[in-house]
There are 2 protein chains.
Amino acid sequence: MSSTNAGGSAFSVALVGFGTVGSSVARILCNGAHDRLRLTHICNRGIARKKVDWIPADVTWTDDINAVLRSDADIVVELIGGLDPATNWIRRALEAGKSVVTANKQVIAQGGAELEALAGRQGLQLGFEAAVAGGIPIIHGLRQGLAGDRLFRILAILNGTCNYILTRMEADGVAFDFALREAQELGYAEADPSADVDGMDAQAKLAILSAIGLRRPIAPDSIPLRTITTVDAIDFVYARRLGCTIRQVSRAQSAADGRVRAAVQPMLVSRSSALARVNGSGNIVVVEGELGGETAFSGYGAGGGPTAVAVVSDLESVAAAGGGEAGKLLGGPPARVAQDFDSAHYLRFVVNDRPGIVAALCDVFARHELNVDSVLQDPGGRKEQLAFVMTLDPCDAGLVNAALRDAAALDFHARPPLWMPVLP
Amino acid sequence: MSSTNAGGSAFSVALVGFGTVGSSVARILCNGAHDRLRLTHICNRGIARKKVDWIPADVTWTDDINAVLRSDADIVVELIGGLDPATNWIRRALEAGKSVVTANKQVIAQGGAELEALAGRQGLQLGFEAAVAGGIPIIHGLRQGLAGDRLFRILAILNGTCNYILTRMEADGVAFDFALREAQELGYAEADPSADVDGMDAQAKLAILSAIGLRRPIAPDSIPLRTITTVDAIDFVYARRLGCTIRQVSRAQSAADGRVRAAVQPMLVSRSSALARVNGSGNIVVVEGELGGETAFSGYGAGGGPTAVAVVSDLESVAAAGGGEAGKLLGGPPARVAQDFDSAHYLRFVVNDRPGIVAALCDVFARHELNVDSVLQDPGGRKEQLAFVMTLDPCDAGLVNAALRDAAALDFHARPPLWMPVLP
């Protein structure tokens, strides 16, 4: 196979899903800059109301996936999202001899290994640059650009919605609910924001990065999650006193025993760190290799334009690959996931104040052999709903968990304690 | 061609140049993690004193390039640096049917188009990830990862030696000569530092980035250069008063008329910008695309380990490419280069003080219709060698140049004026 398909003409592309990203992809393919790629099909439910006049007349519009699968399209671009029916459609496209480019993180995180193996057997390509960190070319960067290194750590901000909310809270001291509502009004957050704020979105992306970057596939739902919904405006005040701010951090790290330490959770990060400087809906991925040290990739993690760039870059890679092999990084037995990062810990309590509370908490931590590093309590606080913070010296998260269970059983809490690790 | 070479075995690799990078590449190839690549030859002058015991016994050591060219090596890695004989050896390797991976920025900036075309005619690959920004996978990032976008601006720190010197001056207020000597003692700067501090090193790298990223090849020596050797400790004091620090900035920008605005020079950059936060010998490349917005890549721009990672990543790409096509981005008629960036300007004067100096300078700028934005002079300065700063409102660099010629002719200067643009 040469740089064009069997017929010698450009690669024909079928778009499945014609929403924000799909129409951005179509615009790029129709602007004349990609002469190896030709848009031939657009498939969407209720296609009649989707039709736009700037698409060339010879493009076939259909609402029937079978018409796409039976067509002579060389590459199918899957942009419908969700596991079902996307997984099945991708499988059928590969079986029909079509390479596939997808932006679907759930499909790749859950079923990528099987689909990649199928693509390999068929001599086809499976591209998913757009599934992680939108316009940031992290999949190409890890798969090809850093192929010569052995990476052992990934530290990332992978969810633009969470980052928008947390940076709004940081900048203006607003409450979580206020920032979330604003993000929803601006279209940065869904009506049901749970996949973003509770971490499932970042969880799927981190599972893909672990496979590609660390070469240790992990089951996405084995990655421990903690929501950002419990982070409060007061936490940014105390974080700042500690030289920090708060981000939803996704991290994965190879352990010597073949496991992967991984977690997606709100964390305190130093205000001078690269992660603290990612604002609004930005994303960043910092990887660390045995030879190359730290390399960082940052940019826009979402939005029609950046995501469409990732899709078209994958299309160009498929066109350039010719007979080159499909990737084979997603496969292999999944590694076990551990959460035992060693770090300092931030604990915020909201209590109905009375004498002896700090002493009681210190007593619990002492019993668990945890060392309190600092107690932060701004003066003049009210007696009800008094918020104060304790920080613990670096220790295993499991120990903190056990101590917090005991601490939470004490009777002075007005709200459950909030626990965030501090990024070392 | 499958994922291995014609014989079905791993790709055999000949290393030409066995210095810091070469021996790091050999270590990676011998550590067992790259089973598609097999080190078969090491070529260096005076090979007897280069031999080390950790190289497998079946590797051929030679000081004769012809032995490499006649061998059955599939890929030649050129790590000798400099234009001559490297350009000729790369050409001969391609003619002999071998793909080439090189870290040689000068060869690629000057002769890359011809070599890339030769590789294309031969059905071979030419990899040069290591030629720009060391371990940062910027060539893969631009060529594949962002292939779907149309990039129009590149802003970069491409020389780790300059960045080391400038961040040392910034952190500790030391003089340029002191920081340079320290960099030389630490091995970050050459005995003759001119290629680094005067900008020729970054110039070659920027020419390559313009071709790959902006798709506008430019002749490297058409990029205007200004040295960092005239930057003084006092400039960091005044820069900080302006909310800035100083970096050697390489930038290239597509102009509507087909030209490329480009320059390599010391500039004032905002202390909150991504460039200001690159410390020590780090590198960064920030690109801006019509659709994807700003994407940044940062990491280690030099050193044996990071550069070797880039070389081995290229080797893996050659092995994976099979029958895929060579790049063809370096070729085409070179674009003309303009320097007419619009920006504010920082002018530092060192004078033998007397009344009327500021008035005389303001008069010159008024005649050239340039607007003075601020005059900064710390109180209590001595009369001889008094340093003060004027800043100009945004305007074309050519106008500043003309005004400075007139200003420099005035008789009160103790040293020539220093002019740096302020990065918008």
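Copies of a chain are superposed here by least squares on the C-alpha atoms of residues with pLDDT of at least 70 in both, where pLDDT is the predictor's confidence in each residue, from 0 to 100. With that in hand, chain A goes onto chain B by a rotation of 180° with 0.0 Å of shift along the axis, at an RMSD of 0.0 Å. That is the relation of a two-fold axis. If you want to find the axis from chain A, look for A:Phe297, the residue of that chain that comes closest to it, with its C-alpha at 2.4 Å.

Some bookkeeping before going further. This is a predicted model, in which local features need pLDDT of at least 70 and side-chain atom pairs count only at pLDDT 80 or more, while totals for chains, interfaces and linings use all residues. Residues are numbered from 1 along each chain as its sequence is written, and chains are lettered from A and ligands numbered from 1 in the order in which they are written. As for confidence, chain A averages a pLDDT of 93, and 97% of its residues score at least 70. For the complex, the predictor gives an ipTM of 0.90 and a pTM of 0.93.

Now zoom in on chain A. Its domain assignment (bounds from an automatic or database assignment) gives domain 1 as 11–137 + 306–321, domain 2 as 151–301 and domain 3 as 342–422. The C-alpha centres of domains 1 and 2 of chain A are 28 Å apart. Counting a contact when two C-beta atoms, placed from the backbone, lie within 7 Å, 14 residues of domain 1 of chain A touch 15 residues of domain 2 of chain A. Helix H4 (residues 105–122) of chain A supplies the largest share of the domain 1 side, seven residues. Helices (H or I, at least four residues) and strands (E, at least two) are DSSP runs, by the way, numbered from the N terminus. By class, that domain 1 side has eight nonpolar, five polar and one charged residues; Ala, Val, Leu, Ile, Met, Phe, Trp, Tyr, Cys and Pro count as nonpolar, Asp, Glu, Lys and Arg as charged, and the others, Gly among them, as polar.

Next, the sheet. In chain A, six strands form an open sheet with parallel pairing, in the order E3-E2-E1-E4-E5-E6; two strands pair if DSSP finds at least two bridges between them. Its edges are strand E3 (60–62) and strand E6 (126–127) of chain A, each pairing on one side only. Further in, strand E1 (residues 11–16) and strand E2 (residues 37–43) of chain A pair in the parallel sense over six bridges, and A:Leu15 stands opposite A:Ile42 in E2(A).

Chain B has an open sheet of six strands too, with parallel pairing and the order E3-E2-E1-E4-E5-E6. Strand E3 (60–62) and strand E6 (126–127) of chain B are at the edges with a single partner strand each, so one side of each is left without a neighbour in the sheet. Helix H1 (residues 20–30) of chain B packs on this sheet, touching E1, E2 and strand E4 (75–78) of chain B, and its direction makes about 150° with that of E2(B). Helix H11 (residues 304–321) of chain B lies across E1, E2, E4, strand E5 (99–102) and E6 of chain B, at about 160° to E5(B). These angles run from 0 to 180 degrees between N-to-C directions, with axes as lines fitted to C-alpha atoms, for helices over the stretch in contact.

Back to where the chains meet. The contact takes 44 residues from chain A and 45 residues from chain B. On the chain A side, H11(A) gives the most, with twelve residues. By class, this side has 18 nonpolar, 20 polar and six charged residues. Of the interface residues of chain A, 100% are also interface residues in chain B, so the copies meet through the same surface. Strands take part as well: E11(A) is joined by three bridges to strand E11 (residues 293–300) of chain B, and the two run antiparallel. Along that pairing, A:Ser298 stands opposite B:Ala296 in E11(B).

The peptide bond from A:Asp84 to A:Pro85 is cis, with omega near 15°, and A:Pro85 lies in the loop between strand E4 (75–78) and helix H3 (86–95) of chain A. In chain B, the bond from B:Asp84 to B:Pro85 is cis with omega near 10°. Finally, A:Arg215 has a positive phi of about 60° although it is not a glycine.
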